[in-house]
Amino acid sequence: MQVAQSLCTTVAETSIVVQEGESLQVTISLGLTGLKGRTITFDSLLKEADLALYRAKQSGRNRVVCND
């Protein structure tokens with residue numbers, strides 16, 4: 001979670017120069033899920049992360065949501 005939050009912050013603080021004198025600011029939203037101590041298929045893991053991503057997007061920009 002800390003790495004994901006740090007990534008969001010770093011991306012939000014980075015300007016992308018698109019033309020001389022013009023820059024673009026972007027943010028990201030991330031959906032996380034955990035594997036520790038669980039037996040789960042890759043497809044199920046991906047679905048859980050995808051659901052967490054949609055919750056992050058619904059919560060606003062520049063968010064990290066972890067599917068607990």
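Which residues of H2 are buried? The legends below take up this question and others for a predicted model.

**View 1. The buried residues of helix H2.** Leu45, Glu48, Ala49, Ala52 and Ala56 are the buried residues in H2. Looking down the axis of H2, these residues fall within an arc of 95°, so they line one face of the helix. An α-helix has 3.6 residues a turn, so residues three or four places apart point the same way. Strand E3 (30–33) and strand E4 (64–67) are what the buried residues of H2 pack against. On the face turned away from the buried side, H2 carries the exposed residues Asp43, Lys47, Leu51, Lys57 and Gln58.

**View 2. The length and the end of helix H2.** Helix H2 covers residues 42–59, which makes 18 residues. At 1.5 Å a residue, H2 should span 26 Å, and its end C-alpha atoms are 26 Å apart, so the two values agree. Glycine 60 follows H2 and has a positive phi, near 125°.

View 3. Glutamate 48 is part of helix H2. Is glutamate 48 buried or exposed? Its relative accessible area is 18%, and because buried means under 20%, glutamate 48 counts as buried. Apart from neighbours within four places in sequence, the residues in contact with glutamate 48 are Thr33, Arg38, Ile40 and Asn67. Leucine 32 and glutamate 48 are 16 residues apart in sequence, while their C-alpha atoms are 7.8 Å apart in space.

**View 4. The salt bridge between arginine 38 and glutamate 48.** The structure holds one salt bridge. The side chains of arginine 38 and glutamate 48 form it, at 2.7 Å from N to O. Arginine 38 lies in the loop between E3 and H2, and glutamate 48 lies in helix H2, so the pair ties together parts that are ten residues apart in sequence. Arginine 38 is partly exposed, with a relative accessible area of 36%, whereas glutamate 48 is buried.

View 5. Serine 29 sits in the loop between strand E2 (22–25) and E3. With a relative accessible area of 19%, serine 29 is buried. Which residues are in contact with serine 29, leaving aside its neighbours within four places in sequence? They are Leu53, Ala56, Lys57, Gly60, Arg61, Asn62 and Arg63.

**View 6. The buried residues of helix H1.** Helix H1 is made of residues 2–12, and its buried residues are Ala4, Cys8 and Val11. Seen down the axis of H1, they fall within an arc of 70°, so they line one face of the helix. E3 and E4 are included in what covers the buried residues of H1. Gln2 and Val3 are exposed on the other side of H1. Strands E3 and E4 also pack against the buried residues of H2.

View 7. Ile16, Val18 and Leu24 make a nonpolar surface patch of about 240 Å². Valine 18 belongs to strand E1, residues 15–19. This valine 18 is partly exposed, with a relative accessible area of 48%.

Conventions:
Residues are numbered from 1 along each chain as its sequence is written. This is a predicted model: local features need pLDDT of at least 70, side-chain atom pairs count only at pLDDT 80 or more; totals for chains, interfaces and linings use all residues. Side-chain values use heavy atoms; hydrogens and water are left out. Patches are made of residues with over 30% relative accessible area and no salt bridge: like charges are joined within 9 Å, nonpolar side chains (Val, Leu, Ile, Met, Phe, Trp, Tyr) within 5 Å. Accessible areas come from the Shrake-Rupley method with a 1.4 Å probe; for residues, only the protein chains shown count as cover. A salt bridge is a side-chain nitrogen of Lys or Arg within 4 Å of a carboxyl oxygen of Asp or Glu. Helices (H or I, at least four residues) and strands (E, at least two) are DSSP runs, numbered from the N terminus. Buried means under 20% relative accessible area, exposed over 50%, partly exposed in between (1.4 Å probe, protein chains only). The expected span of a helix is 1.5 Å times one less than its number of residues. The arc is that of the directions from the helix axis to the C-beta atoms. Contact means heavy atoms within 4.5 Å.
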